[in-house]
Amino acid sequence: MTVLFWVLAVAAVASGAAVFAVGSMARATFALLASFLCVGGELLLAGLHYLGVLVVLMMIMEMLVMAVFMVMYMMNPAGLMPMSMVHNRRGSLAISAAVFALLAAGIFVTPWPHRAGAPPRDATFALGEALMGPQMLTMITLGFTLFATMVGAVVLATHRGRYDRFGDDLKRRPPADPARGGVGQ
């Protein structure tokens, strides 16, 4: 477990640094995804299964959506053209070195508290209770309401139904559709 922890930690830092070292947006996106996956693995090793799976699933979807939009909208082909990910190299290095030194010093200067009591039996429940408290029912209701709103918006935005491509006569044979699904009609 300890070896895997350190392997994931080194991989997370290395792939996070690769975001600024690679020469294209697409490669930087996948380097960032690798870093987040390593962090998700760290959370799983720490026993925070819900948060670990949440980070892994959320980051996979977020980075893939970002890569798809890069391929669609970037002026260079698929975000693979060389480019610099850092502006004002000297200033950014000075700021990052100062922030690192400040945070590292904070580790050694801070009087860390000792554990009082035992860890909770269900860490996920305890985390949810700490984050939401008495608003849990409100947030669950809000989640379902937002989901219903998104589904309703998609349904209302669609200008045709499932069988509209056949017209009024549902028994007639559909026209030749090489894509088999009405794509492009």
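Author: The buried residues of α2 are A26, A28, T29, A31, L33, S35, C38, G40, G41 and E42, where buried means under 20% relative accessible area, exposed over 50% and partly exposed in between, with a 1.4 Å probe and protein chains only. This is a predicted model, in which local features need pLDDT of at least 70 and side-chain atom pairs count only at pLDDT 80 or more, while totals for chains, interfaces and linings use all residues. Residues are numbered from 1 along each chain as its sequence is written, and side-chain values use heavy atoms, with hydrogens and water left out.

Helices here are DSSP runs of H or I with at least four residues, numbered, together with strands (E, at least two), from the N terminus. Helix α2 covers residues 25-45, and its 21 residues should span 30 Å at 1.5 Å a residue; the expected span is 1.5 Å times one less than the number of residues. The end C-alpha atoms of α2 are 30 Å apart, which agrees.

The cover over the buried residues of α2 includes α1 (2-21) and α3 (49-73), with contact meaning heavy atoms within 4.5 Å. After α2 comes G47, which has a positive phi near 85°.

One of the covering helices, α3, also belongs to another feature: α3 and α5 (123-132) are the elements that give two or more residues to the lining of the largest pocket. The greatest share of that lining comes from α5, with six residues.
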